[in-house]
Amino acid sequence: MRPVLVFVISTLLLVIQETCGLNTVRGVNPKQMRLYENKEGFFHCLNSSQKVPYSSLNDDFCDCDDGTDEPGTAACDGSTFYCENIGFVPMNIPSSQVNDGICDCCDGSDEWLGYVECPNRCVQIGKRRLEQILDEVKTVKKGLNKREELKNLSSLRAAALHNKMKFLQVSIQEAEVLERKTKKEFDWLEHVLKVIQARELAMNVSTGNFSSNSSVADIITDRESSNDTESMNSLQIEEHEMTPNYEKNSDEIDRCSWQTDCILETCQNVSKAYTSSHILLRLQKLFFDFLSKFPVLSKFLAGSQREIDTEILQLCINNLQEQLENLRSGLERNRTELERIQQYFSVDYGPESVFLALRDTCLEVTSQGYHYKLCLLSQVFQDSINLGKFSRWDSNHTKMIFMDGTPCWNGPARSTIVNLICGVNETILKVSEPAKCQYQFWVTTCAVCSVDEMKKLRDEASLILSNFNFTKEQKSATVPKHDEL
Amino acid sequence: MLLSKVIFVIIFVLLYTVSCSNGAKWSELCKCEELSFCRRNRATDQAFVEASLFYPKMRIKEASVKAQKVTVEGVIGDMLNAQLEYSVGNISTVLVLQIFPLIGGSFRLTIAEEEAPLLRFDTRDALNEPFPLGHFDRSADCEDGATCLWNEGRKLILKYSPLELLLFSNNESLYPSVVVNHHQLTKLEVLQDYSSHLCASLQVTNLESRANSESLDDNIRSDNISLGKDMNTTVDSMLQTYCENAFEENVHGHVDQKKRGLEAVAMDITFPLGEHFYGLAERAADLSLSFTKESLYGSVYSEPYRFYNLDVFEYETQKPLGLYGSIPLLYALGEKSTSGCLWLNAAETFVDIFPSNWSQETSLSSHFISETGLLDVVLFPGGETPQEVFNQYLLVTGRPAMTQRFALGYHQSRWNYRDQMDTLTVNQRFDQFNIPCDVIWLDIEHTNGKRYFTWDMEKFPDPSSLLKQIGDNGRKLVTIVDPHIKVDNDYFVYREAKTNQFFIRKQDESEAEYSGWCWAGLSAYLDFVSDKVRNWWSKRFHPRYYPHFGDNLYTWIDMNEPTVFDGPENTIPKSVRHLDGWEHRQVHNMYGFYMHKATYYGLLQSRNFSDRPFVLSRSFFTGSHRYGAVWTGDNQANWEHLRYSIPMILSLQISGMILSGADVGGFFFDPDPELLIRWYETAAFQPFFRAHAHEDTRRREPWEFDERTTMLMRKAVLRRYEFMPYWYTLFAASSSSHCEADFENCGPPMRPLFWEFSSDRKTWKEQTEWMIGNALLVAPILEKDSSMRTVYLPPGNSSHLEQWFDLFATESKMAGIGQRGFTQVIAPLGRHIVFQRGGTIVPFRNRTRRSTICMDRDPVGLRIALDHNGQAKGIIYLDDGHSFLYESGHFRLAKYLWNATGTLQVMVHPLGNKSFVGSEVMIEKIVVYGMKQQPNRVYVSSYLNHTTVNFSFRDGVLFINKLKLKAAPMNGNDKWELHIY
């Protein structure tokens with residue numbers, strides 16, 4: 001740049017500045033002119049109590065220690081230069097970019113010494129930006145609608161899961177009670193069997209008869225007393241509850257008269273229908289009552305009596321065991337399911353839990369020879385290599401952070417940051433590995449579309465529109481209608 | 001880590017584990033004892049008989065001494081020629097000794113066979129162009145059995161028998177500065193034909209008794225007879241020792257075939273006035289060199305210093321092993337005298353350092369041992385200060401290339417910025433955080449599969465636009481190019497080089513190229529030793545051959561030791577052949593030098609000789625400073641490596657490699673913010689300021705941590721740019737061939753303390769602080785969790801008391817004046833410890849800009865520090881920063897003089913009178929330190945009038961602000977003087 005030319009230009013600019021009114025200070029937002037007023041011959045530095053002669057303002061020498069007295073020159077590290085950017089948005093740039101030979105403001109006002117020619121590109125940029133905003137607004141709009149759907153979907157899913165959880169909790173509770181009862185029943189029967197077997201043993205030794213009931217009762221009593229009183233209490237309650245059923249079954253047994261098949265069947269029914277372990281005590285009594293009621297049978301069974309009652313008992317036990325196992329495996333299944341659902345609820349699904357519906361949604365993309373699979377809030381894969389498991393969110397729910405992937409050779413475990421951008425559909429835009437084994441994904445989703453974003457875009461658009469310094473015809477000709485936004 | 005790379009890494013690991021066993025770590029690198037040439041020649045306690053039989057003393061044939069005119073590389077000058085009688089075993093031969101007077105008063109001494117079946121490699125390419133040959137002032141027989149030679153007033157006495165050379169730095173001195181062969185360790189293993197080789201017979205008989213070969217038996221018999229029957233057994237064993245591994249040597253699992261047989265050379269050089277040695281770059285060792293023999297008091301090492309350019313993996317500090325480059329320049333410093341020597345040999349070399357005696361005075365000796373090459377050494381008579389040796393050294397090896405100014409800015413590098421968007425984001429972030437940055441670097445991953453001169457078009461779809469966008473922000477881009485060329489017939493560089501047979505060849509006589517593993521996979525290695533190949537290579541740097549080679553693209557050459565992952569000690573085997581007939585062992589240490597040279601000319605030619613090349617190389621040799629920058633290679637992110645960056649760079653500085661630096665932050669591993677900030681604070685005051693990091697590390701650009709860290713890193717970067725006018729002036733001075741006359745102060749830009757204060761013994765071992773030019777003393781914090789350190793401020797002497805001014809003092813008033821001697825300075829993060837020396841004037845700029853080019857027109861300031869007489873002087877040099885137009889007057893050189901009466905005058909170099917961007921910059925601010933009292937009035941007198949100017953006076957410092965004085969006023973109207981009363 002020829003110095004003479006520079007001089008002319010700068011003088012011209014000075015003249016222009018002066019004629020334009022004494023109230024403007026180069027590089028200052030007109031709205032903030034108040035701060036730059038001449039206060040009894042001084043300029044008050046913005047961020048300190050220091051004051052300097054007013055002539056120091058924009059005199060191309062840094063006077064304020066906080067560097068605020070040179071908005072229009074590059075003399076201070078700390079000032080900002082305001083570009084009006086008619087046609088686009090006003091902007092603040094660091095004053096260090098003023099007259100550095102690089103056009104920063106679209107109106108070129110930062111290069112006011114003319115070291116380089118900076119044509120005014122604001123209208124062009126503004127127009128392009130408005131078009132862009134229009135597109136973006138459309139996207140955000142669609143995204144917001146989609147987000148509503150997603151939100152509903154999420155709450156439906158959440159509700160369904162809640163219901164399922166409740167249901168599971170209840171059925172687990174019930175099954176637990178049932179399991180406990182069955183277990184007791186089973187224990188009693190086994191005990192009875194042992195008693196009978198012990199009696200048999202004793203009978204074999206002493207040719208005794210059935211009058212030794214009391215000894216069995218003693219054993220049972222012993223057993224009962226060894227149990228804690230609480231279970232005894234519960235048993236008593238159960239006994240009370242189960243009484244009608246018992247009656248019914250004893251009736252059945254009565255009805256059966258003396259057919260062993262019938263007895264067996266009854267036994268099975270008993271074990272199926274009765275959940276009280278107390279029934280066993282009764283069953284045992286019943287058994288002996290049963291036998292004592294039919295002396296003929298008793299006689300008839302004299303030889304085979306022992307075989308029969310143990311056999312039936314054994315059948316009952318087996319049956320109960322099977323039932324118990326079924327109960328337990330069912331319980332286990334339900335518990336796992338419950339845990340899974342509970343785990344679902346332990347994850348942060350963002351504002352309004354909108355991400356719930358996206359949980360386990362997997363996106364795939366092939367980039368630079370690798371196949372990437374991203375399961376939102378779950379895991380990330382590069383081919384078969386795990387790039388991380390979901391660990392946490394950033395503070396405003398726009399980044400998913402995945403940690404603890406497959407460890408790198410001689411390095412850390414792989415990790416991934418997924419950056420979410422407002423969009424209509426869930427798509428992976430880009431995958432990169434800025435540092436080894438640390439991946440970044442850029443993904444569009446409607447879940448992060450927000451009214452704020454919409455508002456920001458609208459504000460920007462109205463800012464651009466309000467910053468147009470045109471006649472109305474030009475305005476309507478060059479600018480998309482505000483209504484469209 | 002991408003999958004294909006995983007596979008590659010696996011291959012690499014396999015290869016590496018193979019090569020690690022004989023490369024990489026210190027414990028796995030070759031020691032002198034493991035290499036027969038060093039073992040043979042290092043032994044100084046050989047029996048007399050053995051020594052005389054195989055290592056006879058050198059004696060000059062009296063009648064053969066003759067001074068004559070000679071032409072070396074087109075330069076006419078003088079030479080002294082003499083013959084030496086020399087017999088090894090039964091082989092009697094004649095050696096030729098030549099002494100060349102070199103410009104600047106130095107002498108070059110060479111010894112080689114008069115006639116030999118094979119050639120010895122001459123490293124004259126390392127010396128300046130044109131060849132610095134001089135003339136003898138006179139030569140005469142000065143005493144019995146001796147000839148005296150004078151070169152620019154320096155006397156050299158050549159004693160005949162035994163051979164001894166004594167070099168005097170001036171006529172008055174009683175003691176010589178340099179003495180050659182005082183310890184009689186000068187040896188040359190005579191090259192012989194294989195058929196009649198002294199060791200050939202032994203070799204065969206050793207390998208396998210071949211009784212049917214009568215002629216061989218005859219040979220042995222005749223040897224024995226000629227040596228005398230009585231000594232048969234002794235001689236046999238001596239011969240055995242001498243010939244051990246003469247033709248084949250197994251070094252850490254790699255077999256080295258040595259067709260040329262024995263050919264080592266060795267010489268001892270004593271410095272009678274020397275008390276400390278410096279130089280012998282490059283290694284991660286202390287600045288002041290240690291003795292190298294275990295038995296000696298004060299020895300840190302039991303190994304000699306080694307020169308063998310290697311890619312040493314995760315190198316350790318405080319080891320005498322050689323790293324990526326070799327500058328076998330030695331300074332011998334004494335209180336009142338410094339001298340030196342330059343060992344001109346491109347082969348593997350070991351150097352022992354030991355105390356010696358010369359007329360009962362303690363002195364220092366060195367013992368150089370090279371595997372092959374000429375006996376070739378330049379002796380520097382030196383003078384009172386190290387500067388004299390430096391001047392003589394630069395006269396012989398040439399001035400450093402005039403730097404691009406942007407190269408002195410901040411460089412942001414990483415292995416690797418992933419893609420175009422990533423790179424542009426980094427570029428944009430610097431503006432966002434308002435941090436200046438001049439250059440962004442792209443490592444190997446930007447290429448298409450490590451095919452250099454190409455771009456990975458998926459990651460970098462539009463390199464031209466990338467370059468433009470970076471250029472639009474006032475910045476440059478540097479891309480990497482390595483010497484290993486991927487073996488791939490679809491790769492145009494490989495194909496063309498193969499067609500032309502430009503690759504280093506296998507050791508056998510076939511024409512087949514040698515190939516080894518490197519980043520590109522299986523690769524062939526270009527033969528840069530051949531000028532045909534260099535010319536071809538230079539043409540690659542053109543958009544025609546290197547797509548998108550734009551105006552703001554510069555070059556980085558790496559892996560040019562050269563690195564071969566599956567080679568012995570991670571490099572190419574010594575036995576491979578070069579196009580001009582050399583065996584690699586003869587040229588190894590100059591491979592990187594030649595590549596640097598070819599690349600330098602490539603950039604020069606591609607831009608029509610109008611733009612100064614910028615080429616960063618990892619490998620180098622003496623003379624590489626004529627072609628550009630180097631860095632200290634793959635260091636580590638720890639405090640020890642931060643500390644050792646200082647002696648490493650200082651050694652390079654005094655060896656002429658002035659554009660040098662260490663990877664800021666450390667290449668391997670992750671630095672924590674504290675280390676990173678301290679490293680930035682340190683490197684901001686070291687010449688080449690580039691942040692770089694390994695692929696496995698986390699991102700560490702200034703914005704990757706918290707806000708405070710960003711602020712502190714930014715602050716350090718801003719300090720670099722603040723002193724940019726001073727740095728650039730210092731670099732211009734070092735590169736100027738009229739330095740002494742125009743700049744007065746011509747040392748390396750970054751100097752050891754002893755450079756400026758060589759008579760102050762306390763400075764001799766100092767390597768935690770340094771000088772920038774003669775004016776600034778820098779002492780960074782180099783310890784973790786520390787915010788205080790001891791700084792040594794040389795006190796001067798009674799006739800000249802030094803004054804020191806703490807430029808960034810934050811503490812109490814008067815803190816600006818430094819306490820002479822050892823003093824404690826408190827420096828939390830963000831406080832730079834920089835003292836300005838009384839008597840100096842330092843130009844600065846303190847406007848924040850994006851890059852150096854954006855600062856062109858900004859006004860400057862002067863910091864004036866008064867000495868005890870109230871005087872000061874300094875210089876500013878200005879030019880366009882990138883072209884060669886300064887050679888035709890487009891520069892400004894202004895000298896400022898502040899005299900004791902309080903007048904500041906400016907004198908401008910009359911030849912620098914043509915304009916350029918920034919030639920009219922103003923001085924806006926003057927700060928004066930060391931004023932005794934507040935002045936009453938300050939005014940500027942110019943051609944027409946006197947103008948009173950405002951000033952302020954705080955804490956003994958005078959601030960004169962808002963000046964509008966031409967920094968370098970050319971015409972009468974602009975001339976000014978500043979007065980204070």
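Two residues are taken to be in contact when heavy atoms of theirs lie within 4.5 Å. In this predicted model, 38 residues of chain B are in contact with 38 residues of chain A. The size of an interface is often given as the accessible area lost when the parts come together; for chain B and chain A this buried area comes to about 3,200 Å², of which 47% is on carbon and sulfur atoms.

One salt bridge joins Arg850(B) to Asp104(A), with the closest N and O atoms 2.3 Å apart. On the side of chain B that touches chain A, at least two residues are supplied by each of α1 (3–20), α8 (420–432), α16 (707–722) and β49 (922–929) of chain B, and the largest share, 6 residues, comes from α1(B). Sorted by class, this side of chain B has 21 charged, 9 nonpolar and 8 polar residues.

Over all chains, the count of salt bridges comes to 82. In chain A, the side chains of Glu352(A) and Lys151(A) meet in a salt bridge with an N to O distance of 3.1 Å. Because Glu352(A) lies in the loop between α8 (305–346) and β5 (362–367) of chain A, whereas Lys151(A) lies in helix α2 (residues 122–206) of chain A, the pair ties together parts that are 201 residues apart in sequence. Glu352(A) counts as partly exposed, at 49% relative accessibility.

In chain B, a salt bridge is formed between Arg108(B) and Asp376(B), whose closest N and O atoms are 2.6 Å apart. Arg108(B) belongs to strand β5 (residues 106–113) of chain B and Asp376(B) to strand β21 (residues 375–383) of chain B, so this pair ties together parts that are 268 residues apart in sequence. Both Arg108(B) and Asp376(B) are buried.

A further part of chain B is helix α10 (residues 492–499), in which Val493(B), Tyr494(B) and Ala497(B) are buried. Seen down the axis of α10(B), the buried residues fall within an arc of 95°, and they therefore line one face of the helix. These buried residues of α10(B) pack against β25 (484–486), β27 (521–525) and α11 (531–538) of chain B. Just after α10(B), Gln501(B) takes a positive phi of about 55°.

Methods: Residues numbered from 1 in each chain as written. Chains lettered and ligands numbered in written order. Predicted model: local features only at pLDDT ≥ 70, side-chain atom pairs only at ≥ 80, totals over all residues. Heavy atoms only, no water. Buried < 20%, exposed > 50% of the residue type's maximum accessible area, 1.4 Å probe, protein only. Helix = DSSP H or I, 4+ residues; strand = E, 2+ residues; numbered from the N terminus. Arc of directions from axis to C-beta. Buried area = accessible area lost by both parts, 1.4 Å probe. Salt bridge = Lys/Arg side-chain N within 4 Å of Asp/Glu carboxyl O. Nonpolar A, V, L, I, M, F, W, Y, C, P; charged D, E, K, R; others polar.
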